[in-house]
Amino acid sequence: RIRPMDQDQLKRAAARAAIQELEPGEIVGVGSGSTVNFFIEELGRIRDRVPGAVSSSEASSARLRAAGIPVLDLNEVVAAGRRLPVYVDGADEIDAGLRMIKGGGAALTREKIVAQAFGRFVCIVDRSKLVPVLGRYPLPIEVIPMARELVAARLRAIGGRPALRDGTVTDNGQQILD
């Protein structure tokens, strides 16, 4: 009899599958979130094959260092002309058409920047993230505090209902409108 996997087991399975997408000896891009935490754990098991990682969040950077993976600065890696083949991150929700809402937390802008630096984006999700229609979570927008009301007004002009997320400051020291 096969037992169904719980959510942590599903996340761990997704993380293990993502390890197979890496190119040995190459720098890896690493996102943030609960599924990525399992991916970092798996990376630690193969740290001898990973020269370093470019991380999109302070929390992931701390986990990578704890796993023995050097955390590299994106500017230095790009300036050195290093090859950046694969970025691995999760999503908050995803639909059957593979559209997703990604980045609901403190690293959302950094995640987009790091993803753009890499050749391929591998998104690791488990079935709990699959939704029939996107929007279970609000769409987050990182804003510079001085422009918060300007951005909110523009969003309202196109039918949005932006709300400032109380108490959340991003890794960049910015605010989030949902």
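Which backbone oxygen does the side chain of Ser 55 reach, and at what distance?

Mentor: That would be the backbone oxygen of Ser 57, which the Ser 55 side chain reaches at 2.9 Å. Keep in mind throughout that this is a predicted model. The side chain of Ser 55 also makes a polar contact with the side chain of Ser 61, at 3.1 Å. So much for the polar side of things. Now for the setting: Ser 55 sits in strand E2, and its relative accessibility is 14%, which is under the 20% cut-off and therefore makes it buried. Leaving out residues up to four places away in sequence, Ser 55 touches Val 30, Ser 60, Ser 61, Leu 64, Val 71 and Val 114. Ser 61 turns up there as a contact as well as being a polar partner.

Let's step back to the sheet around that strand. Four strands make an open sheet, in the order E2-E1-E3-E6, and they pair in parallel. E2 (53-55) and E6 (120-123) are the edge strands; each has a single partner strand, so one side of each has no neighbour in the sheet. From one strand to the next the twist averages 25°. Further in, E1 (residues 28-30) and E3 (residues 86-89) run parallel and are joined by three bridges. Within that pairing, you'll find Gly 29 opposite Tyr 87 of E3.

Helices come in here too. H2 (residues 34-45) packs on the sheet and touches E1 and E3, with its direction at about 145° to that of E1. H5 (residues 108-117) lies across E2 and E3, and runs at about 150° to E3. One of the contacts of Ser 55 is Val 114, whose number falls inside the range of H5. Likewise, the contact Val 30 belongs to the stretch given for E1.

Follow E3 along and you get to a charged pair. Asp 89 and Lys 102 form a salt bridge through their side chains, with N to O at 3.6 Å. This pair links distant parts of the chain: Asp 89 is in strand E3, while Lys 102 is in the loop between E5 and H5, 13 residues apart. Both Asp 89 and Lys 102 are buried.

Glu 21 counts as partly exposed, at 34% relative accessibility. Arg 120 is partly exposed as well, with a relative accessible area of 35%.

Asp 126 lies in the loop between E6 and strand E7 (141-143). Asp 126 is buried, and the nearest side chain of opposite charge, Lys 11, is 5.0 Å away, whereas a salt bridge needs the atoms within 4 Å. What its side chain does make is a polar contact with the side chain of Ser 128, at 2.5 Å. Not counting residues up to four places away in sequence, Asp 126 touches Gln 7, Leu 10, Lys 11 and Thr 35.

Ala 96 is in the loop between strand E4 (93-94) and strand E5 (100-101), and its relative accessibility of 75% counts as exposed. Beyond its neighbours within four places in sequence, Ala 96 is in contact with Leu 130 and Val 131. Its C-alpha atom is 8.8 Å from that of Val 133, which is 37 residues away along the chain.

The whole structure holds 15 salt bridges. One of the pairs is Asp 178 with Arg 165, at 2.7 Å from N to O. Asp 178 is in the segment after strand E8 (175-177) and Arg 165 in the loop between helix H6 (148-157) and E8, so this pair ties together parts 13 residues apart in sequence. With a relative accessible area of 22%, Asp 178 is partly exposed. There's also a network, made by salt bridges that share partners, which joins Arg 12, Arg 16, Glu 41, Glu 42 and Arg 45.

Terms used:
Residues are numbered from 1 along each chain as its sequence is written. This is a predicted model: local features need pLDDT of at least 70, side-chain atom pairs count only at pLDDT 80 or more; totals for chains, interfaces and linings use all residues. Side-chain values use heavy atoms; hydrogens and water are left out. Two strands pair if DSSP finds at least two bridges between them. Helices (H or I, at least four residues) and strands (E, at least two) are DSSP runs, numbered from the N terminus. Axes are lines fitted to C-alpha atoms, for helices over the stretch in contact, and angles run from 0 to 180 degrees between N-to-C directions. Contact means heavy atoms within 4.5 Å. Buried means under 20% relative accessible area, exposed over 50%, partly exposed in between (1.4 Å probe, protein chains only). Lys and Arg count as positive and Asp and Glu as negative; His and the chain ends are not counted. A polar contact is a pair of N or O atoms within 3.5 Å; within protein, one must be able to donate a hydrogen and the other to accept it, and residues adjacent in sequence count only if both atoms are side-chain atoms.
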